Amino acid sequence: MMKLPAFFTNLKPELRFGLIIGLGVSLWVLIEFLLGFHTTRMEMGQFTGYLSVIIPILALYYGLTEKYIQEPAITYWQTVKAGMTMVLIAAVIISLFMVLYNTTIHPEWVEEGIAYEKQYLQEMNATAEEIAQAEEALKVMFSTEVQMLGSFIGVVIQGFFLCLLISWLIRRK
């Protein structure tokens with residue numbers, strides 16, 4: 001098994017697992033792009049992103065378990081707080097990655113996403129007016145600013161509920 005560098009393993013669990021979540025999810029998005037799930041296989045890509053939740057689930061579980069082992073007297077809410085520290089670190093990394101993704105790695109993302117959705121609406125026999133309205137909404141939704149803010153808020157909300165659940169599970173052991 002590969003051994004991690006000492007500087008990484010010596011980091012507090014909050015920082016180490018926050019980095020793992022942030023970098024892991026960012027890498028997931030990059031792999032999806034490289035596999036064409038954001039370009040030529042968008043019908044698959046609309047579902048594969050949901051699987052990335054495996055990364056924060058596992059990282060929070062292992063990170064909070066490690067925190068609990070290090071500090072057996074830690075309370076439930078202190079465990080949630082430690083998890084939320086991991087989540088906030090991850091949210092910053094993922095949000096910054098989404099800016100890089102939208103502006104540098106895949107700047108065509110907006111146009112391709114809108115074209116994909118327009119085609120879907122046409123196949124569903126949407127009216128020209130419905131398609132035009134959807135296109136305007138999609139331009140906003142796919143914008144770099146909304147992607148960055150949406151990523152941050154989504155990670156924090158999802159992470160909060162995962163922290164509540166995983167903290168409870170760890171304390172039940």
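Which helix does T48 lie in? T48 lies in helix 3 (residues 42–48), where helices are DSSP runs (H or I) of at least four residues, numbered from the N terminus. Please keep in mind that this is a predicted model, in which local features need pLDDT of at least 70 and side-chain atom pairs count only at pLDDT 80 or more, while totals for chains, interfaces and linings use all residues. Residues are numbered from 1 along each chain as its sequence is written, and side-chain values use heavy atoms, with hydrogens and water left out.

**Around T48**

- T48 is buried, with a relative accessible area of 14%; buried means under 20%, exposed over 50% and partly exposed in between, with a 1.4 Å probe and protein chains only.
- Not counting residues up to four places away in sequence, T48 touches W28, E32 and F37; a contact means heavy atoms within 4.5 Å.

**Aromatic pairs**

- Searching the whole structure gives 5 aromatic pairs. Rings of Phe, Tyr and Trp (its six-membered ring) pair if their centres lie within 6.5 Å, and planes under 30 degrees apart count as stacked, over 60 as edge-to-face and the rest as tilted.
- One of them joins F33 and Y101, whose ring centres are 5.8 Å apart with planes at 90°, so this pair is edge-to-face.
- F33 lies in helix 2 (residues 13–34) and Y101 in helix 5 (residues 76–105), so the pair ties together parts that are 68 residues apart in sequence.
- Both F33 and Y101 are buried.
- Y61 and Y62 also form an edge-to-face pair, at 5.4 Å centre to centre and 80° between the planes.
- Y61 is partly exposed, with a relative accessible area of 30%.
- F33, F97 and Y101 form one aromatic cluster.

**Helix 2 against helix 4**

- The axes of helix 2 and helix 4 (residues 54–70) come within 9 Å and cross at roughly 170°. Axes are lines fitted to C-alpha atoms, for helices over the stretch in contact, and angles run from 0 to 180 degrees between N-to-C directions.
- That makes helix 2 roughly antiparallel to helix 4, a label for angles over 145 degrees.
- Residues of helix 2 that meet helix 4 include F17, I20, I21 and W28, and those on the helix 4 side include I55, L60 and Y62.

**Helix 4 itself**

- Helix 4 has 17 residues and reaches 24 Å from its first C-alpha to its last, close to the 24 Å expected at 1.5 Å a residue; the expected span is 1.5 Å times one less than the number of residues.
- The buried residues of helix 4 include I55, L60 and L64.
- Its buried residues pack against helix 2, helix 5 and helix 8 (144–172).

Definitions and conventions:
Helices (H or I, at least four residues) and strands (E, at least two) are DSSP runs, numbered from the N terminus. Angles under 35 degrees count as roughly parallel, over 145 as roughly antiparallel, 65 to 115 as roughly perpendicular and the rest as oblique.
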